[in-house]
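This report goes through the helices, the aromatic rings and a helix crossing of one protein. Please keep the sequence and the 3D view open while reading.

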Amino acid sequence: MLRALLVLLTVNLCQGSGHVCYVYFDKQYGGIFADCTGRKLQQVPNYLPGNITALDISGNDLKIVKNNTFYKFNKLIYLNMNMNLLSKFEPRAFSGLFNLTTLLLARNKLRDHKMSFPDELFQDLMSLQTLNIKQNEMYSYPDWVFLPLVNLHSLYIDSVPAPLFGPGFSKLANLKLLQMDSRFLYEGTCSTTHLTNETFQSLIETKLEVLILNFCSHLSHCESGVLEPLIFLKHLELTHNQRGIHNALHLLHPFVKQNMKRIWFNSTYKFKMQNEKDIVDRVLTKQSMRYLTQICVTEVSLRNNQLYVTEFPSIYQDLFEGCLKKIDLSDNYFIGDVGIMFFLFRFSELEYLDFSFQRRYNDFPSSVTLNGISSITVTLPQNLIYFGFSGYMAAANGVQEIIFQNTHKLETVMLASNLLFGLMNVRSLENVSNVDLSGNKFDNVFDFHSFANAKRLYLRNCKLHFALEPFSAHSIFNSMKSVEYLDVSMNQLRFIQLLPLSDTIVHLNLSHNEFDTIPIETLDYPRLIHIDLSYNLIGYLDKDTRSKLDLSAEKNNLKLIVQGNTFSCSCENLDFILWLMDTPVIYESDRNFACLLNNDTMTGTVDVAHNYKGLNRYCTGKLTLSLSVTFMVVIFTSISASYMLSKNPIRYRNALMRIFGLGIKYLTPKDFAFTFYIGYCDADIPFVYRDLRPALELCNSPVRLFLKDRDVLPGVVIADGIIGGITNSWKSVLVISDDFLEDVSQWSQFTLDAALYSLSDLIPSRIIVILVGAVQVEDLPESLLNVVEEECILRVEDYKDGDETLWKDLRKTAGV
């Protein structure tokens, strides 16, 4: 109670003096926190209470800090001055800050001279544990200023072109962490180009355990003994440079026979191989690994190093095997024998293994180790928890069964994007709780019972729309008794009820499919709280579905993601739009979704909701007008029909009989001398005689064709021949290309007109069109489009060259 009263009194004091900082009690720093960020301050406010324990004055316009500025704030333990314009400190600027443990000076304009870092600047900061001076304008390190910082634990400092930690750093006896890159903290870059044996020499008296020097892409010179002074190092990150994995691994010789926690040498490959010696940076050999395998290290990451080959002796060493718990070899180019994976059981302590995404160049052969083998057995390390083997592109092509051993502790299996065609079973993964099979192509025969206890199952982009049977009540999902998170996104699923799902389901990802409604009964799943239906084809939801969703939201706080769908804002769906804006079941806070009005104009659901009254009046008036017009049309039509019937009773009687097929004899192909009249221009003769004629006339089930160049008798006028051919043919097949439409000889137009004149109710769909080349349906003459059904227009481009389906579809369309 007393503390709350003190905070309230302090806040009122600051507000009464017109101060702009926000003051509140903060548990982390055990006292009053003053937040002065982004106020355009040019000096530290002197109105703040003297008992504050934390001050954040970052993002302002401070350029200089004068002597005794913080003297009254002697209880400060946290001071954040990041992102200012600081270029100068007076010698006693931090005087009195005996309790300060964290000082942040990143992203200022400090330089490596005594205007920015006078000798006595850190005189009173004996308790300082964390110092961040990254993203300043230093080209060397002001070592003279660090002498008083005897308790400094973590130092975040700029990367300079040729870093050298001078004698002033030798007193940092408690320094544990040194980070020289700022990419992740402040989106900075590493400027270091040279590391020498003297770089860290003054740190030999420290007990530095963590060194982070990443993203130094211009690091061109690194002497082999640079890490020798850091004999207590446990955590080393030297990633994203061009030193080459061979040179990087040779830096580890000072740590042989020692214990280390983490070694990261990710992306250390040389961008260009200039000579034969650079090939060694693509191979892990016993020679290059001789230091690493003699270190008892817990975690090793060599990902994205363009490694092609790993020799067995290079990694299977007793000390290395017995200590390693986590290894990441993903994003490389391993080729040849993948049998190395089958000896991993020797790593008795290994808990995490990632061998995913082994990219390949076309000029390197793929693995042939597993070819012709129907079943393989993989013996994993006995303590393995995570196994990543995704993206290995048909490493097990043709394998029908994979059997894993030593899986009693295995929790996560990543087998995504392996193109496992033909795989029917994966055994001994009953204890696994997280499974990713995305990117593989499964059919009805795959047995999912090995994943019966999986809690998280990913089946993204598995082409499940081809396997309708797995979604029935007797296949995939009825074996999933424990699944809580199910991802079947990107599968082109449509009109499929995803039943039955386990009642344990909590999160269901159905995004990037083709659903037009909710494919499950949400009330059947009491634990379901999240459905992702983004980027589907949902236009609206009916009242019954909306009601069930609201009940589910009320019972278990169900949330539905619907972004990426285009909704219908037509008159009959205005109530759905209002529901969409008000219901608690929708996850998105911004509910301005794309929406299509009656006139096909795109708008947003927010605008429709705001204009609901006007739209409702418009829709109501439109409905009344429609009913009135319909009633008048019915009356007028009835009167007209009665009059016409009274004048022509015989004609309309025959028309009525024709509708019911009485008294009318329809023609059949047997009534004609030719099955097809083929209409074409001279430019399309090669297609007609090379492709069309052999497929229809010179086949097992031939039909008779009329070709004007062949079947019009000599001496017969060509126009008469065309008309006679069309008249004596069951159907007219018009081969239309750009040349046909642009035929200057006018015979193509004559053929088209003759075909149109031949149309009769006694022969349904008498004209069939074959589009050749780049011509599109919309390019056809309007007179032809008005009479030809869409299914009677075939495009050659829609069929593969030599595909017989085109001719089968032509026969089917013609009814022969």
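## Overview

The protein has 17 helices and 39 strands. Helices (H or I, at least four residues) and strands (E, at least two) are DSSP runs, numbered from the N terminus. The model is predicted: local features need pLDDT of at least 70, side-chain atom pairs count only at pLDDT 80 or more, and totals for chains, interfaces and linings use all residues. Residues are numbered from 1 along each chain as its sequence is written, and side-chain values use heavy atoms, with hydrogens and water left out.

Of the 816 residues in the protein, 48% are buried. Buried means under 20% relative accessible area, exposed over 50%, and partly exposed in between (1.4 Å probe, protein chains only). Among contacts between residues at least 6 apart in sequence, 65% join residues at least 24 apart; contact means heavy atoms within 4.5 Å.

## Aromatic pairs

A search of the whole structure gives 27 aromatic pairs. Rings of Phe, Tyr and Trp (its six-membered ring) pair if their centres lie within 6.5 Å; planes under 30 degrees apart count as stacked, over 60 as edge-to-face and the rest as tilted. One of the pairs is Y29 with F33, which is tilted, at 5.9 Å centre to centre and 45° between the planes. Y29 is buried because its relative accessibility is 17%, and F33 is buried with a relative accessible area of 8%.

The ring centres of F567 and F593 are 5.7 Å apart and the planes lie at 75°, so this pair is edge-to-face. F567 is in strand β32 (residues 567-568) and F593 is in the loop between α7 (574-582) and β33 (594-596), 26 residues apart, so the pair links distant parts of the chain. F567 counts as buried at 2% relative accessibility, and F593 counts as buried at 6%.

## Charges over rings

The charged end of R456 sits over the ring of Y485, 4.3 Å from its centre. Likewise, the charged end of K708 sits over the ring of Y680, 4.8 Å from its centre. The rule is that NZ of Lys or CZ of Arg is within 6 Å of the ring centre and within 35 degrees of the ring normal.

## A helix crossing

The axes of helix α11 (residues 685-696) and helix α17 (residues 805-814) come within 10 Å and cross at roughly 65°. Axes are lines fitted to C-alpha atoms, for helices over the stretch in contact, and angles run from 0 to 180 degrees between N-to-C directions. The angle makes α11 roughly perpendicular to α17; angles under 35 degrees count as roughly parallel, over 145 as roughly antiparallel, 65 to 115 as roughly perpendicular and the rest as oblique.

In α11, F687, D691, L692, A695 and L696 meet W807, L810 and R811 of α17.
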